[in-house]
Amino acid sequence: MSHDRSVARIAFDAARRDPLLLVATAWTLAAVGLMFVLSGHANGQVQVFWAAQPLLDAMVAYASWRVVRISSGAQRRFWLAMGGACAAFVVGDCVQATYAFSHDDQWSTAGGTVQGVLFGIGLLAIIVVMLIHPMPGHSRRERVAFWLDATTVLVAGAVVAWCFAVGPEDADNVVTTLISGAVILTSGFAAVKLVLSGNAPMHRTAALPMIVSAAVNSCGFFLEPGADGPMPAYVYAVRLLPSFLILLGPRVQEVVARHAETTSLVPHRRKPYSLLPYGGIAVAFAAVLVVLPEGPNARLWGAMIGLGIIFALVVCRQLAAFRDNTRLIDRLDATLAELREQENRLRRQAQTDGLTGLANRTHFYDEVAAALPGRTAVLVIDLDGFKAVNDSLGHAAGDALLIGVGDKLRASVRPGDLVARLGGDEFAVLLRDCGDASATATADRILEAMTFPIAYEETVVRANASIGVACASAGDDASGLMRRADLSMYAAKHAGKGQWVS
């Protein structure tokens, strides 16, 4: 957001000094002023309106061509279409201005055949380039969501147009009705592309005046839509204003592209949601409420049909959203399961010995501390003859011996007991809920298991064990209990090895 504010500030400062915008501002203000001076003289107002249009359209075409020179790809194609459309508008408006000055009975801003055809060509070019403009969402789900939102806005615009600009009083003027509806729907579609797609061919700062232009353009058709005589000066002024606002878009775009630290021609990240469809729905409902007092007529029935279509689109969008939410929840559950598995794996790695898979020294001490106070016994086991195996057969044989000893220890204890490798050839066993007799019986089983050799390649390896046994007494802590078991183990070694001492 801070970057956008900085870009907007740069664009505003540059726009205040831009010669083209200064000329366009003075030209528009002069035309609006003349329209108010000529209040009551509809023919003069219409002549001023059409005289002001060609220069503004020419400025938009020129500004668009300048943006074309610094853009590429789909952005360049959009501004080419914009410049070409405005060039067609210039020709059509010049023809219409000539007609307005040669006739003294003009009061409407509606164009003639030539102006209407050229306006339609330019409008069609803009519609096509917007339709083919690439969307940032590559997945089918994102494209469906976008078009549901876009269609909702377009139908809402059609409802508003039907209720106000395309009412029954215009039924005799089919051309005007079609052009009015096309302008309103195109304006709505432009807003959808700029706001919903997240991939507009311009920076947000440049898009804002063009979106406002579309809104003002629609308002211009809503004001005095069925007038059959001269209109107030403000209506002519409102209908002229969009041409000036559109000019701000390419001029701001060029300023932003040349002065911003990050070029505005790079697509912006799309927001995960948009409020525009909901705004369109609210406007459509408000329009229906306005025409509802008229009672059943073609206007009301058309609006109700439009609302029915909107309701169906909203239901489809919500179903798509529910499906997306379910998919996201499933993906989140899978991610959490994977994270839990990774956490458990890391915990196991932190608590186990990498070679034998037994508990390591830290985990063993923690478990001993957790088992106290209670009927707890600890065996500390040191191998006799391990160094000779390493020196004569190599470290691989020593590793095989350690792994085999670990398996023997597991087989010699109860399921609830814990076997650990403290380091090197030193092992330990935690016997929970165990007294002296059970502890010494376990030591005997371990010594007996050690008498059986362990297969290694084409030979066997073996080692005896010296075991220190310590049973917990009142007041013992983990360090004290382990120290007593360790001293007993050394006593067993000095007593002749291959035995246990308590």
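1. Phe 311 counts as exposed, with a relative accessibility of 60% (exposed is over 50% relative accessible area, buried under 20%, partly exposed in between, with a 1.4 Å probe and protein chains only). Phe 311 sits in helix α11, residues 298-351 (a DSSP run of H or I, at least four residues).

2. This is a predicted model, in which local features need pLDDT of at least 70 and side-chain atom pairs pLDDT 80 or more, while totals for chains, interfaces and linings use all residues. Residues are numbered from 1 along each chain as its sequence is written, and side-chain values use heavy atoms, without hydrogens and water.

3. The structure contains three aromatic pairs (ring centres within 6.5 Å, taking the six-membered ring of Trp; planes under 30 degrees apart are stacked, over 60 edge-to-face, the rest tilted). The ring centres of Phe 78 and Trp 79 are 5.1 Å apart and the planes stand at 85°, so this pair is edge-to-face. Phe 78 and Trp 79 are both buried.

4. The largest nonpolar core has 45 residues (buried Ala, Val, Leu, Ile, Met, Phe, Trp, Tyr and Cys joined through side-chain atoms within 4.5 Å). Phe 78, Trp 79, Met 82, Met 202, Leu 240 and Leu 247 have the most contacts inside this core. Helices supplying at least two of its residues include α2 (19-37), α4 (73-102) and α9 (233-259). The most comes from α3, with 13 residues.

5. Beyond its neighbours within four places in sequence, Trp 79 is in contact (heavy atoms within 4.5 Å) with residues including Val 67, Met 202, Met 210 and Pro 250. Another core, of 31 residues, lies apart and includes Ala 397 and Met 450.
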